[in-house]
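Trainee: I am new to this structure. Please take me through it one question at a time.

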Amino acid sequence: MSKMLKWTIIGGGNGGQTTAGHLGMMGFDVTIYDIFEDTINAIKEQGGVHLQDALTGFGKVACATTSMEEALKDADIVFVTVPATAHASVAKSCAPYLKDGQIVILNPAASFGSLVFRKTLDDEGCKADVTLGETNTLLYGCRIIQPGTTQVFGLKNRILTAALPATETARVVETLQTAFPQFEACESILVTSFDNTNPILHPATTLFNTGIIESEQDWRFYVDGFTPSIGRYVEKMDAERMAIGKVFGLELLSCMQQMEVEYDVFKDTLSESVSSNPVYQDIGGQNTLETRYLTEDIPMGLVPFIELGKMVNLPTIHMETAATMGQLLLGRSLMEGARTLENLGVKGMSVDEFLEFVQTGRK
């Protein structure tokens, strides 16, 4: 019965191609959509995606397309695997073609991606009865070697998953586990969103390595770049994240505890955990500040954490410093489209009203 499910992957980047190939290797009916014709043509020509290293094999793809209508027409499950900065535009493109009963998963959601997706669908007048959900992170550490071929560094042990509203989570996770046993139900999208540690790990590490980034040297982001001093600063950002989450009733894992749960890495400090993580060893550092580690992780990750910190009157000085430094060094604002309370559709809500909305979907 599970093999009859039809999956559509929106996004042909590292995660999208790897997910499509993995599903194809498992025998599922897979469609992949992307806006770039070269990517789609390469996958279409070879009939699927080649995976190397931690996953090795060829995953057949039934359909590769640049047409959103074609991508969604027969899908049971839709994985939106695009940068968080594209969630609103993808929702707008999906709105005319979504159908009753489909499950749409922001995979991953960055922070509160399902709120952005829901608000956009509502703004576009989408009447389809779809269930939204989100994950806290991508299952794979991976990179594209060339269109249609990806290298998989490793797989995480668990992926936290929740639906919006939370009352649908059990059904959604049961469906997703037909392919991915690593997908684990959690209380609500508050957990998946606060559990997103990319905006904790990436911006500060990038900013404090500006010198080596602009020297054009080859370097490894997590091994060479995540030094003890940077690790201590990131730990303070992480403490701010966990303190805000606690006000919303969440007992969150620290970044270091996540390393233990997801990667079986056990060390005394976050710096040691990150720099020794075997999945991170070959991930190269960038040679420009024009990177998603700033342009996505600040407006789509740090900003909503900071905004919710203000909602509950908690300080976020380390997060705010990283967010401000990033914009100053880039020489421009990253606030257009950032996940403010207004853009999440929750401006003016009390903590209790916000929690009610996440749980039931009712405002």
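Trainee: Which strands does helix α2 lie across, and at about what angle does the helix run to β3?
Mentor: This is a predicted model, in which local features need pLDDT of at least 70, side-chain atom pairs count only at pLDDT 80 or more, and totals for chains, interfaces and linings use all residues. Residues are numbered from 1 along each chain as its sequence is written, and side-chain values use heavy atoms, with hydrogens and water left out. Helices (H or I, at least four residues) and strands (E, at least two) are DSSP runs numbered from the N terminus. Helix α2, residues 37-46, lies across β3 and β4, and its angle to β3 is about 90 degrees.

Trainee: In what order do the four strands of the open sheet stand?
Mentor: Two strands pair if DSSP finds at least two bridges between them. β4 (57-60) and β9 (140-146) each have a single partner strand, so they stand at the edges. The pairing is mixed, and the order is β4-β3-β10-β9.

Trainee: Which residue is the bridge partner of His50 in β10?
Mentor: Strand β3 (residues 48-53) and strand β10 (residues 149-155) run parallel and are joined by four bridges. In β10, the partner of His50 is Thr149.

Trainee: Which residues have the most contacts inside the largest nonpolar core?
Mentor: A nonpolar core is a set of buried Ala, Val, Leu, Ile, Met, Phe, Trp, Tyr and Cys residues joined through side-chain atoms within 4.5 Å; buried means under 20% relative accessible area (1.4 Å probe, protein chains only). The largest such core has 61 residues, and its largest share, six residues, comes from helix α14 (residues 297-311). Those with the most contacts inside the core are Leu115, Phe194, Phe248, Leu308 and Phe354.

Trainee: Why is the pair of Trp7 and Phe180 edge-to-face?
Mentor: Rings of Phe, Tyr and Trp (its six-membered ring) pair if their centres lie within 6.5 Å; planes under 30 degrees apart count as stacked, over 60 as edge-to-face and the rest as tilted. The centres of the Trp7 and Phe180 rings are 5.7 Å apart. The pair is edge-to-face because the planes stand at 90 degrees.

Trainee: How many residues apart in sequence are the parts that this pair ties together?
Mentor: Trp7 and Phe180 are both buried. Trp7 lies in strand β1 (residues 6-10), while Phe180 lies in the loop between α6 (169-176) and β12 (183-185). The pair therefore ties together parts whose separation in sequence is 173 residues.

Key. Contact = heavy atoms within 4.5 Å. Axes fitted to C-alpha atoms, helices over the stretch in contact; angles between N-to-C directions. Buried < 20%, exposed > 50% of the residue type's maximum accessible area, 1.4 Å probe, protein only.
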